[in-house]
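Please work through the exercises below with the sequence and the model at hand.

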Amino acid sequence: MTAPSDNLRINGDRLWDSLMEMAEIGPGVRGGNNRQTLTDDDAKGRALFQKWCEEAGLTMGVDKMGNMFARREGTDPDALPVYMGSHLDTQPTGGRYDGVLGVLGGLEVIRTLNDRDIKTKHPIVVVNWTNEEGTRFAPAMLASGVFAGVHDLDWAYAREDAEGKTVGDELKRIGWVGDEEVGDRKMHAMFELHIEQGPILEDEGVDIGVVTHGQGLKWLQVTLTGKESHTGSTPMPKRRNAGLGMARVTELVHEVAMDYQPDAVGAIGHVEVYPNSRNIIPGKTVFTIDIRSPDKATLDEMDDRIRDGIDTICDALQISGEVEQVGHFDPVTFDEGCVSKVRDAAERLGYSHRNIVSGAGHDACWVNRVAPTSMIMCPCVDGLSHNEDEKIFPEWATAGADVLLHAVLESAEVTG
């Protein structure tokens, strides 16, 4: 096997130009993107990606969830492929790089191999996973979840958006239902390049995050029920205030997360208050709690403490409470061999690096169940993501793709 030269680098300008051209599809209102899954703009982004892949000599396969697999052949037809990629769909007010960098960074790796006429034993495949964001159709990482056997295909097809449209119907409408069975593909390994979506790398001036773990997650939907009454005429001791209960639970979640530092997090996100009138004490609140930790025992302890705390709060305020788990995945430990390849690549190339835990869910978290997997992270300005102001610099994108190139080549085995 021929080792890749340490001076082998991707074409950073070409990668950046591709990112900017893709960002023209589904533009946001202030410089980001609104290219939600299975919309007409998603179809346009897919078509552009397919065009670029065909120009790079890749063959495209599509499965029944619309996952796109662009393949470069290896010298051994029996060797399992090495995969790399992420997703092209965005949040409604998303940035230009979340997910997209991983897909187009993978394409740039292929272009660089073509430029240098580098051959590998294992085929290499660039993948675009369908509906990673989960913003239009819940849950997130839907298609990679079907691929990994976490979700059933028919169940995934039946997911509805706010207008009652289903995944299955919208896949057909935009013309991206493939004929491959989901999950039939076998992988030698997979690498996902992604922006950090947090502030650690930028704050510490580090080029590359070597992702060792992904945080486990629990989403708890809480319903607190009190009694609606007039804000002006109801004496304070007589109130059964569901809004006050939600406020105290908000503090509870923060306190619990702070007790499990440095890696645990927790917050209340989606909130509904009834009847949501300025002069009526809330009689009902419905809200979601998002708690995360890379350690399963910690995640379970946080869950138990929050549930116990909600019971205590409800008793004190004479309100009732219900807690339903509406989302969950266990913490992820990425493959040691793949993680080492990422770390070794950063070291060889002279990029500063540190181990890091992914605070967000990614397609790699599901794929890790069925194949050796790892992630590479680059910084993003102020750690801002899922926001149109999301920003990275060309040199950050280049460094991440350089490390991706070398990690993939070490896994795919250079033959010439």
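Two exercises with worked solutions follow.

The model is predicted: local features need pLDDT of at least 70, side-chain atom pairs count only at pLDDT 80 or more, and totals for chains, interfaces and linings use all residues. Residues are numbered from 1 along each chain as its sequence is written, and side-chain values use heavy atoms, without hydrogens and water.

**Exercise 1.** Describe the contact between domain 1 and domain 2.

Step 1. The domain assignment, automatic or from a database, gives domain 1 as 12-215 + 331-415 and domain 2 as 217-329. Their C-alpha centres are 35 Å apart.

Step 2. With contact taken as heavy atoms within 4.5 Å, domain 1 contributes 10 residues and domain 2 contributes 10 residues.

Step 3. The buried area (accessible area, 1.4 Å probe, lost by two parts on being put together, summed over both) is about 830 Å², and carbon and sulfur atoms give 66% of it.

Step 4. For salt bridges (a side-chain nitrogen of Lys or Arg within 4 Å of a carboxyl oxygen of Asp or Glu), the count across this interface is 0.

**Exercise 2.** Locate the residues that UniProt lists under "binding site".

Step 1. The unreviewed UniProt entry lists Asp98, Glu133 and His386; such annotations may be inferred rather than shown by experiment, and positions follow the numbering used here.

Step 2. These residues span 289 residues of sequence, yet they cluster in space, with a largest C-alpha distance of 9.6 Å.

Step 3. Glu133 lies in the loop between strand 4 (124-128) and helix 4 (142-147). Helices (H or I, at least four residues) and strands (E, at least two) are DSSP runs, numbered from the N terminus.
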